[in-house]
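I am opening a new notebook page here. The structure comes first, then my entries.

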Protein chains: 2
Amino acid sequence: MSKSIKIVIVGGVAGGATAAARLRRMNELANIKVFEKGEHVSYANCGLPYYIGNTITNQKDLLLASPELFRNRFNVTVKTKHEVKEIKRDSKFVVVKDLEKGTEIKEDYDYLVLATGAHPIKPDLHGINSEGIFTLRNVKDSDIIKTYVAEHQVKKVAIVGGGFIGLELAESLVHRGIGVEIIERLDQVMAPFDAEMVEEIHKELSRNGVKVNFKTSVTAFEKQSDGSLDVKTDSNSKINADMVILAIGVRPDIDMIKAAGIELGSLGGIKTNERMQTSDPYIYAVGDSVETKDFVTGKNVIIPLANPANRQARVAADNIANPKTSTKYRGVQGTAICKVFDYTVAMTGNSEKALKRNNIQYEKVYLHPFNHVSYYPGAHKISLKVLFDPKSGKIFGAQACGVDGVDKRIDVISMAIQGGMTMGDLEEVELCYSPQYGSAKDPINVAGMIASNMLRGDQPLTHWSADEKREQLIDVRSPEEHSAFHVPNSKNIPLPELRNRLSEIRKDLPVYVYCAVGQRGYYATRILRLNGYDARNISGGVTTYKSVNPVADLKNKF
Amino acid sequence: MSKSIKIVIVGGVAGGATAAARLRRMNELANIKVFEKGEHVSYANCGLPYYIGNTITNQKDLLLASPELFRNRFNVTVKTKHEVKEIKRDSKFVVVKDLEKGTEIKEDYDYLVLATGAHPIKPDLHGINSEGIFTLRNVKDSDIIKTYVAEHQVKKVAIVGGGFIGLELAESLVHRGIGVEIIERLDQVMAPFDAEMVEEIHKELSRNGVKVNFKTSVTAFEKQSDGSLDVKTDSNSKINADMVILAIGVRPDIDMIKAAGIELGSLGGIKTNERMQTSDPYIYAVGDSVETKDFVTGKNVIIPLANPANRQARVAADNIANPKTSTKYRGVQGTAICKVFDYTVAMTGNSEKALKRNNIQYEKVYLHPFNHVSYYPGAHKISLKVLFDPKSGKIFGAQACGVDGVDKRIDVISMAIQGGMTMGDLEEVELCYSPQYGSAKDPINVAGMIASNMLRGDQPLTHWSADEKREQLIDVRSPEEHSAFHVPNSKNIPLPELRNRLSEIRKDLPVYVYCAVGQRGYYATRILRLNGYDARNISGGVTTYKSVNPVADLKNKF
């Protein structure tokens, strides 16, 4: 198709910019106009925390494309500081306000693409509009924060919200020598993750001097006479800081869309079909403001991430350019990653809490292997959790945390989830191995082996959090490891002694076995089961125990 | 099954050690004996080059398990310095020689597992047995090399063979301040890769002072009066060195196996079925000495790698322990990786030359994206080549070379190949993205997009190596880029000017377009095609051109 249709795109950052470029490649004659209410198009919003932290020093580096580039390369008209205020669907035009001149124009369309994104949530609290309280969405916001830091010689920042942006900001500010305290409503940072998988992040924040106030909500802000702010919380405490950044999440920018009568989904995002089409067949929507399907569960979700926004934009563009295209959006897996000082934490697919929430039966394995062979310098442990269907072994999701090699393992599992693959497939996957990159049995293989051993019945697994009575709990580590730390009421029978000490174990009771990470526990479980015991291994051993019971390693020996 | 069967395992390194441990976990009562002719079992042979290079300083770190550990943990008897000399299949026993005492014993078996591995090839050349010529297979070999280096104050080493071991050794020796020269029979290092994909490795070797003599074969060695060696070659040159290491590949250790009448495959390895069973149903074989199927082509291959050896050992053990098991070996993908100074090169699945050799129709894409967003510090380009079925888009193989993030991309594609997935699946995969790890459109996505654009007919691709006449070759880069270097007979029309300069291009001839890496070439191809030109993009642009024509960037401007 190369007829001259007119396409108006609302929003020119990730989704909007991608849609414009893709549409042009599909249709050379189309009239394509992008309206962006901010100052910049196609900027790197994922880089903003690092620009504030001076890791990225040149603002220009964040501006990936200019209106001029869109004109020259794509023959696309981009108008910044232009806000679409109203959609007149019957007559197919939008009302656009020139934010500099204050004038309004009408712009008609054949197709409309909504890429309005989302804005940071700013709760209606006492003092919320005080000087020194900021949110971060765009380049301008980061310039304002940088200027405030410099002009007010900011020494301490309170960050409200321990999500991705909050933690990236915390690292960036500490990198500049600024003290940071986080206020987090939940008992963990990074809500999409299961709590035990971010326990190491809690420690890493603490090691870097960042205090996190868990289970704490802000009730008010009070400007002090010295220019600082008191952040009052529901735990009757107050936190004093020179500056406050609100990073408690984002909300789809949809007021104008709702007003136009475009259908919303059950979660409040713009309802879209698999072609990214809204309830109005001439209007498509992409990015942070849309509601799509979770690839694993099929449930509705709103996931504000860059990769899905880009993919959705391509799907929308292809469908506008060619209504007969087979291109569809397959749903979102929620693959996400965050660097927090020296650690990386990442996930793909469903978390345990998401599976519980959706009443989906699941099993899980924990493991703590090295990122590469331990004999080569630079080996660090990765904590890995993989969730799967207890019948078919189909993978539901995975989470990992460690110093190195975390992104790789989650990416491989993301690919496997997309392919509908199973834990057995992870057992068999043939990954790059030389001492710098992995092991002959990669952590991914090991996860697959543990699960396959369980699914075949060779190694029944149980978990520290499971509500089981454990009358016979055997610690098969060495006496030294046992005496340094052990789980209450455990009996120490080191693995090498097990075969000779079977008589000490009762056959009429189930036997629960654990070690440091699960490997010796597996060996012990096999010995016991082949000797007629009803033995099961506790997944992840003491290492998982400590992350499930975060104070455990602070407690003294039993 | 827990009846007391007797299993003898020949060889105790990767495959043998894994088979022993796995068998014990499947059968507590079995009598399991391992005979290893070397001094050590279960040592890290992949670490040997780095032990020689002093990156790994402690020999103990290479010894992953001792006979004592096998005794204590697995109740497995391991005899080192014991060589199995003969298999008496009719009577089901083996003849084992105690290499220290010189005595021979008979050891009967119910099942035999052959994990004899392979030995370095030592060609029958004049002077091959001179002092100072070594091969590297085990810990003892590396100690001998280390001692020779120290005692003879070795300053220059000639390495015969530019394969994985040869290059790892080169890096390790340079790391110790020792000069290295490589003699390589082919016109490229690392034969399993396509030549253009290791071109950057050739440069990296050169940058680090390692000279590679390509297309050169050794004809003789001559000991000199000063103790050094002259390596004579078929190019009538001689290379003088203090020490020579032969790293020209390995050959399965199968003399004794062949003598026993066990069937060999067409390539000379031990023939095995998908249960890792040889032609004798009571004898299984695993690791470097066996012939298995290529997962992509189904053809017979011998691939001496650690991950397949381990997987095969588990399969053999499961099938011995339980003949009704569904565990099978799915074939080998040949996933491999090598670090060469600051670069990493990796592959999975079939190379282009393997596909050609097997007469399999394929298409390919080249791309040179950054490992992560370019605005975050530490971004480096990765060269990526992906091969696929031109009809279905099914992935056949991939190769990558770069400073960082190479292993991750190859691992993800390895998982995709295992799942029988397509280039369209790569386009859609949702990978970890934050500025430190990738891009909103990861290199993997971009590979998928390029191929999908091609498969849909939106962007016909062609390649520098294709034997095409290119009467209209358009370089769409900037005039500055064009004048710095360009392909002969190319006309420069910068992308931003293309729409206004269409009249300069003939419609009656095909149009070949290129840029730096392929992206602007793609945009230009779309503009041209939508304007009625028969345009195609040359994959990978000038960057691929230079690796396909290695001297190109040394040539002057045209």
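In which sense, left-handed or right-handed, does α1(A) cross α8(A)? I looked it up: α1(A) passes α8(A) in a right-handed crossing. A crossing is left-handed if the near helix is turned anticlockwise from the far one by less than a right angle, and right-handed if clockwise.

**Ground rules.** I note that this is a predicted model, where local features need pLDDT of at least 70, side-chain atom pairs count only at pLDDT 80 or more, and totals for chains, interfaces and linings use all residues. Residues are numbered from 1 along each chain as its sequence is written, while chains are lettered from A and ligands numbered from 1 in the order in which they are written. Helices (H or I, at least four residues) and strands (E, at least two) are DSSP runs, numbered from the N terminus.

**Helix pair.** I went back to α1 (residues 14–26) and α8 (residues 306–321) of chain A, which pack at about 35° with axes 8 Å apart. Axes are lines fitted to C-alpha atoms, for helices over the stretch in contact, and angles run from 0 to 180 degrees between N-to-C directions. I listed the contact residues; among them are Gly15(A), Ala19(A) and Leu23(A) of α1(A), and Ala309(A), Ala313(A) and Ala317(A) of α8(A). Contact here asks for C-beta atoms, placed from the backbone, within 7 Å. The residues of this contact divide into 11 nonpolar, four polar and three charged. Ala, Val, Leu, Ile, Met, Phe, Trp, Tyr, Cys and Pro count as nonpolar, Asp, Glu, Lys and Arg as charged, and the others, Gly among them, as polar.

**Parallel sheet.** I traced an open sheet of five strands in chain A, with the order β3-β2-β1-β7-β19 and parallel pairing. Two strands pair if DSSP finds at least two bridges between them. The edges are β3 (77–80) and β19 (283–285) of chain A, each pairing on one side only. Neighbouring strands are turned by 15° against each other on average, direction ignored. I checked β2 (residues 31–36) of chain A: four bridges join β2(A) to β3(A). Glu36(A) stands opposite Thr80(A).

**Strand β25(A).** Next I looked at residues 382–388 of chain A, where seven of seven are buried. Buried means 20 or more other C-beta atoms within 10 Å of a residue's own, exposed means 12 or fewer, and partly exposed lies in between, with C-beta atoms placed from the backbone. Both faces are covered: Ile382(A) and Phe388(A) are among the buried residues on one side, Ser383(A) and Lys385(A) among those on the other. β24 (residues 363–367) of chain A pairs antiparallel with β25(A) over five bridges, and Leu367(A) stands opposite Leu384(A). β26 (residues 395–402) of chain A also runs antiparallel to β25(A), joined by seven bridges. There I found Leu387(A) opposite Gly397(A). Six residues lie between β25(A) and β26(A) in this hairpin, and Gly393(A) in the turn has a positive phi of about 80°.

Most residues other than glycine have a negative phi. I noted Asn359(A), whose phi is near 55°. Asn359(A) sits in the loop between α9 (352–357) and β24 of chain A. Why does Asn359(A) count as exposed? Because Asn359(A) has 7 C-beta neighbours inside 10 Å.

**Chain contact.** Last, I looked at chains A and B: 64 residues from chain B and 64 residues from chain A take part. α10(B) gives the largest share of chain B's side, nine residues.

Conventions. Two residues are in contact if their C-beta atoms, placed from the backbone, lie within 7 Å.
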